[in-house]
Amino acid sequence: MKDQDNILASMLVPKAFLKLAVPAVAAQLINILYNLVDKMFIGHIPEVGKQALAGVGVTTPVILAISAFAALVSMGGAPKASIFLGKDEKEDAEKVMGSCTWMLLLLSVLITAVMLAFGRPILLLFGASVDTIGFATDYMNIYCLGTVFTQLTLELNAFITAQGKTFVSMRNVAIGAVTNILLDALLINGFQMGVVGAALATVISLGVSACLVVCYLCTGNRVLRLKWENIRPNGRILCPCILLGTSPALMQLTENLVAISFNTSLQKYGGDMAVASMSILNSVMQFVMLLLPGLVQGAQPLLSYNLGSGNIPRVKKTFRLLLLCSVSGSFLIWLLCMGAPGAVARIFTSDTDLIRYTAWSMRIYLAMLLIYGIQVACQYSFVALDQAPKAIFLTVWRKVILLIPLIFVLPLVWPNPTMGVFLAEPVADTIAVCTTAPMFYSYCRSLKYQDALPQSLTD
């Protein structure tokens, strides 16, 4: 407990942030390898690579939904646990983790049952075509069987991070990712199993990571222990966690609606080529949405713990550093995508026409990525600081009110309809940042008064 208190409560903020954020970012970057490596191997399958890539791309909304339900529990539960630790209420923090684990197991069973029963019509709804539905169902039927592994890895790793043990979180994910790469090479290239091999590799690898996470939390002298007696429903604990986790869950669930909207609209105006291109763009955006929230995951224990202990100046220092790093990260990725879009596309496919098409669409779709770090830093910090209503509003505002309508409206008024679809993303990003930044600034100003209060009054 002393080591954890030293990092979260007294270590210099830049040093503590670096110690927590670097492994958290590395874990997120490694985690994205699951999906990216699958697409890299699939996109280079002889003769059917392009169709297979488009088919697996259609499964993205389902994968995001599985992750979203994990976020509903973990991204709300982990900050709550950190706040309790800041108040020196360890028993309550462990009850939060136990109740969240029960909820996660229930959700895993429900998601698996729904996808096995209705997977094909759902994938057709998400934009699969006659040429790609076979690849999509082959991948999804196997992937959904590993839902419980996905949930355990994502949710319980968040509670390891909440203790300030981001290196352990990174190790758990890294071992699974390396396993996935080796199995992809063996099953796809060696045994010629195609998308079935990619799905099997992912499920087995997630199972390895899940076992490591559970073993860590159930054994040894941990700050938080996963105890059998705590794995039970508790409405008093679960309801606040779910409310707080609604924003990050909505971010991923509405990403589903966004992916469906993009796929169906692009299928209408640009055909399979546009959908395949969008699959690559989704992979780049997934990279962004794991890198930047990875920084937030590193900052979350610092923000939540010090909010719980009433150390408001330390909360503000942490956020300023987080904002600087997030903006720098989004700018660097934007610079790469604007300067060498063809090279980025070539990672995922060897098809010359698809590379050329994606280079064009990438410069449009990611045009405003350079300011997106502001959106991510502010929105996720609202979650870490127990500001659920603000975080939920910002999620609904950017995705549901702005982006989804723009996907369908802009093609009707833009001379090139396909270009209009891709333009929806930068337009929505610009408006969202102009809304989020003033809102968070106003919240920070409201904390100034607390700086001068005794610590007992800010708990």
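Just past helix α10, Gly-220 adopts a positive phi of about 80°. Helix α10 itself covers residues 194-218. Its 25 residues reach 37 Å from the first C-alpha to the last, close to the 36 Å expected at 1.5 Å a residue.

Within α10 sits Gly-197, which counts as buried because its relative accessibility is 0%. Apart from neighbours within four places in sequence, Gly-197 is in contact with Asp-184, Leu-187 and Ile-188.

With a relative accessible area of 7%, Asn-157 is buried. Leaving aside residues within four places in sequence, the contacts of Asn-157 are Leu-152, Ser-169, Asn-172, Val-173 and Val-213.

Loops can be enclosed too, as Thr-59 shows. This residue is found in the loop between α4 (49-58) and α5 (60-86). Thr-59 counts as buried because its relative accessibility is 0%. Not counting residues up to four places away in sequence, Thr-59 touches Leu-123, Ala-136, Tyr-139 and Met-140.

Asp-88 is found in the loop between α5 and α6 (90-125), and at 64% relative accessibility it counts as exposed. Its phi is near 65°, a positive value in a residue other than glycine.

Attention now turns to helix α15, a helix of 13 residues that reaches 19 Å from its first C-alpha to its last, close to the 18 Å expected at 1.5 Å a residue. Because 12 of those 13 residues are buried, α15 is largely enclosed by the rest of the structure. Among the buried residues are Gln-375, Val-376, Gln-379, Tyr-380, Phe-382, Val-383 and Ala-384.

One partner of α15 (residues 372-384) is helix α12 (residues 312-339): the axes of the two helices come within 7 Å and cross at roughly 145°. The crossing is right-handed. On the α12 side, the contact is made by Phe-319, Leu-322, Leu-323, Ser-326, Val-327 and Ser-330. Facing them from α15 are Tyr-372, Gly-373, Ile-374, Ala-377, Cys-378 and Ser-381. By type, the residues of this contact divide into eight nonpolar, four polar and no charged.

Just after α15, Asp-386 takes a positive phi of about 65°, in a residue other than glycine. Asp-386 lies in the loop between α15 and α16 (388-413). At 31% relative accessibility, Asp-386 counts as partly exposed.

The chain averages a pLDDT of 84, and 93% of the residues score at least 70. Over residues 449-459, however, the pLDDT is below 50. Beyond near neighbours in sequence, this stretch has 14 contacts in the model. Where pLDDT is low, the predicted coordinates should not be read in detail.

Definitions and conventions
Residues numbered from 1 in each chain as written. Predicted model: local features only at pLDDT ≥ 70, side-chain atom pairs only at ≥ 80, totals over all residues. Heavy atoms only, no water. Helix = DSSP H or I, 4+ residues; strand = E, 2+ residues; numbered from the N terminus. Buried < 20%, exposed > 50% of the residue type's maximum accessible area, 1.4 Å probe, protein only. Contact = heavy atoms within 4.5 Å. Axes fitted to C-alpha atoms, helices over the stretch in contact; angles between N-to-C directions. Left-handed = near helix turned anticlockwise from the far one by under 90°. Nonpolar A, V, L, I, M, F, W, Y, C, P; charged D, E, K, R; others polar. pLDDT = per-residue confidence, 0-100. Expected span 1.5 Å × (residues − 1).
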